[in-house]
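User: I would like to go through some terms and see what stands behind each one. Could we work from the structure itself?

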Amino acid sequence: MSSIKSIAIIGLGYVGLPIALLASKKGFNVIGIDTDIKKIKSLASNKSYIGDVADDEIIHTKASFTTDATKVSEVDAVIICVPTPVSAEKIPDLGPVRGAVSAIAPHIKKETLVVVESTINPGVCDEVVIPLLEKLSGKKVGIDVYLAHCPERINPGDPKWNVSNINRVVGANSKLELDMAVELYKKIIDAEIKPMGTIKEAEAVKIVENSFRNINIAFVNELAMSFHKLGINLENVIDGAATKPFAFIPHHPGCGVGGHCIPVDPYYLIEYAHNHGFEHEFLRLASNINESMPRFTVDLLIEALNEVGLPLKDTKVTLLGMSYKANVGDGRESPAHVIRDLLVEAETNLTIYDPYTPEDSTTNSLNEALAGATAVVIATGHDEFKNITPSLLKKNGNLVLIDGRNILRSQKEAFKNNSIIYTGIGI
Ligand code: SAJ
C-alpha cells in the first residue's frame, strides 16, 4: 500500500492548491492539474491567486503544474478538488466533478487510487463517480483502480486551522481502498484521519457539518428578525447564553450567509433526499431564512431613511463589503451581492467599497466611499470597517448606518449620541 509516491491534484483552487503544496512538502511527487490556463500561468510565474497561499510557497514547491490531464497516467493517486456549486434554482451541479472524472478516467493506470475531496452528497460516489470512472477507464473500481472520499475542510482566512492540521474523515467501499486512503492522508496531514464505515457516511459527514452551521445561523437570524420587533439586543442575549459552559455554540446574526460551502451544501442533501421520497423541510426553511436576510437588511435601511424622511430612490448610499466573509476577497454566494442588486433595483445612488474585491468597488478608499453618503450599509465584517467611528460618519455627513455584521455594536450608544441612526441585525 505504501506504493503511492506520486499524486495528481485535479482542481487548483482554495482546496486543491494548498493540498498540492502540502503533499509536495511531505515528499510526494505532485502534479497539479487545472483546466484554467490563467492559474497555471500564475503558478509558473510564482504568483499565488489564493489568499491563504503565499507566493513564497509557489517559489519553493517541487510540485509541477499543467492543464494536461493525461499526466495522471504518471501518478499513483489522483485527488479531485473541483467545485460543487448549485444553480440559481439551488439544484446541485455535479458538472465539474463529472468533468474531472471524465478527464482522468481514460488515462489512469492500474491500481491508481482516486480520492474525491469535493463536497458531495451521499450517493454521488456510488451512483455518479464509479459508473463514469469504470465506463471511461474500462477498469473495475475496487479491483483494477481504487476510490475513496475524503471531504475537504478548508476554512478560508483562518489563521489557525489550515489544510495540514484539520482532522479529516475518509470513506471507501472496501477495506483495501479505505486503508490505502487513510494511509495516504496520514502521510500528508498532521491531524486525525478518521475512517468511516462506508463511503456514504463520509459523504454525509461534510454535508451534515455544514448544514449544522447553516441551521444554527438561520436560528439566530430568525431570532434577529423577532428581537428587532421586540426591542431585545440579540447579541447581548447570545453573549449571555454563551456563558453556559456546555451545550450552547454561539452563532451570530447577519445580512446573510455566503460562500462556497455553508449556503450550498444543504441543497445537495435536500435534493438527494427529495429524489428518495423525503423532504428536508427544516433544512429548506433554514436556507430560506438565511436567504431572506439581504432583504431584511435593505428593509432596515428603508426604515432608517424614513426616520429622516428620505426614500431609497436617488439617495446616496454607500455599501461597504462585497465578500462573503470578513478579510477574504471572495464574492461567491455573497449576500452583499443581493443587497447591491436590491439597492440598484431601488435606483439608489450607490457607492461600493470592498478593499478585498476592487473589481466590485466603485471607489478605492473608505474615506472616498463615505464622503457625502446619506446612508452607509456594512455587508462584510472586514477589519478596516471596524475603524468607523461616529465622528468619522458625522464628518462625512452620514445620517444612517446599517451594520449588517454587527461589528460596530459596541458603539451603538455613541452613534445615537451623535444623532446617527445606527441599526444592526437584531440588536
Ligand atoms: N455567518 C453568519 N453567522 C455566523 C457565522 C457565519 O452569518 O455565526 C456567515 C458568514 O458571514 C458567511 C457565511 O455565514 O457569509 C459562511 O461563513 P463561515 O464562517 O462558515 O465561512 P466559510 O463558508 O468559509 O465556511 C468554512 C467552512 N469550511 C468548510 O466547509 C470546509 C465551514 O465548515 C466552517 O465551519 C467555516 O469555514 C468556519 O468555521 O469558519
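The questions below take up rings, the ligand and cysteines in turn.

Analyst: This is a predicted model, in which local features need pLDDT of at least 70, side-chain atom pairs count only at pLDDT 80 or more, and totals for chains, interfaces and linings use all residues. Residues are numbered from 1 along each chain as its sequence is written, and side-chain values use heavy atoms, with hydrogens and water left out.

User: Why is the pair F415 and Y422 called stacked?

Analyst: Rings of Phe, Tyr and Trp (its six-membered ring) pair if their centres lie within 6.5 Å; planes under 30 degrees apart count as stacked, over 60 as edge-to-face and the rest as tilted. The ring centres of F415 and Y422 are 5.1 Å apart and the planes are at 0 degrees, so this pair is stacked. The whole structure has 2 aromatic pairs.

User: How do you know that the ligand lies between domain 1 and domain 2?

Analyst: Domain 1 (6-197) and domain 2 (204-427) both give residues to the shell around the ligand, so the ligand lies between them. The domain bounds come from an automatic or database domain assignment.

User: Why is C125 said to be in no disulfide?

Analyst: A disulfide is a pair of cysteine sulfur atoms within 2.5 Å. The structure holds 0 disulfides. For C125, the nearest cysteine sulfur, that of C150, is 11 Å away. The sulfur of C150 is 9.3 Å from the closest cysteine sulfur, in C81, which is too far for a bond.

User: What makes C125 buried?

Analyst: Buried means under 20% relative accessible area, exposed over 50%, partly exposed in between (1.4 Å probe, protein chains only). C125 has 0%, so C125 is buried.
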